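The following note comments on the structure shown below.

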Amino acid sequence: MYKYDQYDQTIVDERVAQFRDQTRRFLAGELTEDEFRPLRLQNGLYIQKHAPMLRVAIPYGLLSTRQLRMLAEIARKYDRGYAHFTTRQNIQYNWPKLEAVPDMLADLASVEMHAIQTSGNCIRNTTSDQFAGIAYDELVDPRPYAELIRQWSTFHPEFAYLPRKFKIAVNGAVEDRAGTLFHDIGVHAVRDAAGEVGFRILVGGGLGRTPILGHVVREYLPREHLFTYLDAILRVYNRFGRRDNMYKARIKILVKELGLNRFTAEVEAEWANLKDGASTLTQAEIDRVAAFFVDPQYAVLPAINAEFENHQLENKAFDRWVSRNVFGHKQAGYAAVTLSLKKTGIAPGDATDAQLDAVADLADRVSFGEVRVSHEQNLILADVRKSDLFAVWQKAKEIGFATPNIGLLTDIIACPGGDFCSLANAKSIPVAEAIQRRFDDLDYLFDIGDIAINISGCMNACGHHHVGHIGILGVDKHGAEFYQVTIGGSQGLNAALGKVIGPSFAQDEMADVVEKLIATYVELRFEDEHFLDTAKRIGIEPFKARVYDRKASHVAAETANV
Amino acid sequence: MLQRRPQMSEVRYIIRDREVIADDWQLAPAIAEGAAAHLPDGKLIVPLNVWLAQTDALTDRKQPVGVWLDSNQDAADIANAVSNFAVVAVNFPKFADGRGYSIATQLRSRYGYEGELRAIGDVLRDQLFYMQRVGFNAFAVRADKDIHDALKALKDFSVTYQGSVDQPLPLFKRRRLPELV
């Protein structure tokens, strides 16, 4: 992975000093609340319900075990011994003290980490595919380009006060595991007919209040033009994006209001002035950064490992875990393992300091000392020998990260919700737990198969509910917490937005609702048909009929009350 | 309560070229569209619409003239006139309004403006580093803030990744040359 040199290190060190002084001035009354807000936000520091929350960047999801141990240490030293992995490859601490944040940042800087631009109206942490560099379906390794974008965006002086937050995701595989269609800019690393690397550039995707899929503004951008083209897009957005209404300030609204053709013409006109300028990438720089992402020293191994396959035959629980939590690897004899942070009873994405340390130890032993973070809020050991899988499974069970549910119903994506977040209309964590508890039969879960449930506590959609096969959105109804349900959303290249099935539900109804939706699917599916395909084929009506049938009286009462 | 009356003779300070100096420019207020502005004697920074409406009168005064752009105005509107100005000021109505950073970049990089580029309005210490990068060399720090304190922000960072007006070469073109950092 990327290693800082003295320049990178100086930048994060000077940031710590800058923020230490900003915090001091705030505490001394030299900065007002309003003046301090954008400064702390650009350092990932929110003021939450109970305490400040610090969001730390895990650029494109890569962590060394040294960094992971520091994240554990910070959880122990400044927090309550745990942390939360988010849906954007960040990690959050929910209980730090404001005065301690500069020290936390200094500790992070000591392991080449930071909280720079993890919040605020600026370019956020660049995200990518958690299987980058090892995926069997990869066309181009996106990591060097994600790192280049990280550097380009870090303290970009022109784009620190944008109309609204700005998120960039990079994908280099056939499948899109980075959600690029739902980012302000989606970058697809591709190859042209001659094999040269370039990018397909998408703009204007996003979830939130107005979910929209991104549009292609450029089918192929030769890679040396990456920065100048991004500069052109950001400049058009910075100049013309709306600033009068924060709900209409994202670039997706600008693209919509101008129309794709005019927006693209503006970008191209701006780019004509920047193209081939000083920011044009050089082969030397691409090579310098790419050299950090070469393959580790893989052993030459047979593709098939008899011992591993025996364990699969003899141990059903292991076999199940393999079928859900082990991902194909480009290197013969290796596999990628997803450690599930979705154990029933634990908030999705939460991990304790001891668990993080244990994962670091395991990664040092079996996966070249690296760990990855997925936007599904799980951890990945990317380079595990098949012969080590059984031992990894046993260790993962000890840690509590071996729930065999990746991509299954209980692998719920959820934001922290009303338990922590001051923006939330409703809680997310208890809803996730109620659903997980209802579906406690592993046979049934495997029978249901691939399904994504996403829960967001408000319209900001941190739980990406629009793209959940079943999406759950917390809404406020006369001061009470209710939940709106959508069906048929999906991520990936054929991404779609879910459709609302009808009036919202009370929190204690949610497990019943999901149970009925699933029962409808199980009854009406064709053999081996996934939930999403069934939902697409039959539409929302059969689900609606089932869910609202016995609720008819409630619905009537609710309608009467409105 | 005793009201302090603003006096014309009261000295205002700005940061220019990394120094706190007394400023002898007057900022003419914005006027309604179509109205004729009164042009007092002295070094005047006028709103864009006054410049556009009274270009001849302003050039005939034989005194240095400056113009100020609001954040929603376009640098292109003075692209052909930049050589007329001793000062171009860019107004930040709120510090969160970042349009002025793009206006400054365009004035310097595209339209070749080389005179004083001044940030006015809600200009606070922690914006100054970025403002300096995009080509501002003068800062009318908000009057209730300590301008000497604000000056420190110009040295917040000694290394920057991306090219901008102050250093067009991105770090990757300087990286192996420590003497240029």
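In what order do the strands of the open sheet of chain A stand? The points below begin with that sheet.

This is a predicted model, in which local features need pLDDT of at least 70, side-chain atom pairs count only at pLDDT 80 or more, and totals for chains, interfaces and linings use all residues. Residues are numbered from 1 along each chain as its sequence is written, with chains lettered from A and ligands numbered from 1 in the order in which they are written.

1. The open sheet of chain A has 5 strands in the order S1-S2-S5-S4-S13, with antiparallel pairing. Strands are DSSP runs (E, at least two residues; for helices H or I, at least four), numbered from the N terminus, and two of them pair if DSSP finds at least two bridges between them. Strand S1 (45–47) and strand S13 (350–352) of chain A each have a single partner strand, so one side of each is left without a neighbour in the sheet.

2. Strand S4 (residues 82–85) of chain A is joined to S13(A) by 3 bridges, and the two run antiparallel. Within this pair, His84(A) has Asp350(A) as its bridge partner.

3. In chain B, strand S1 (residues 12–16) and S2(B) run antiparallel, joined by 5 bridges, with Ile14(B) opposite Ile21(B). The two strands form a hairpin with 2 residues between them, and Asp17(B) in the turn has a positive phi of about 50 degrees.

4. Between the chains, 28 residues of chain B are in contact with 29 residues of chain A (C-beta atoms, placed from the backbone, within 7 Å). Helix H3 (99–110) and helix H4 (128–133) of chain B each supply at least two residues of the side that touches chain A; the largest share, 5 residues, comes from H3(B).

Methods. Two residues are in contact if their C-beta atoms, placed from the backbone, lie within 7 Å.
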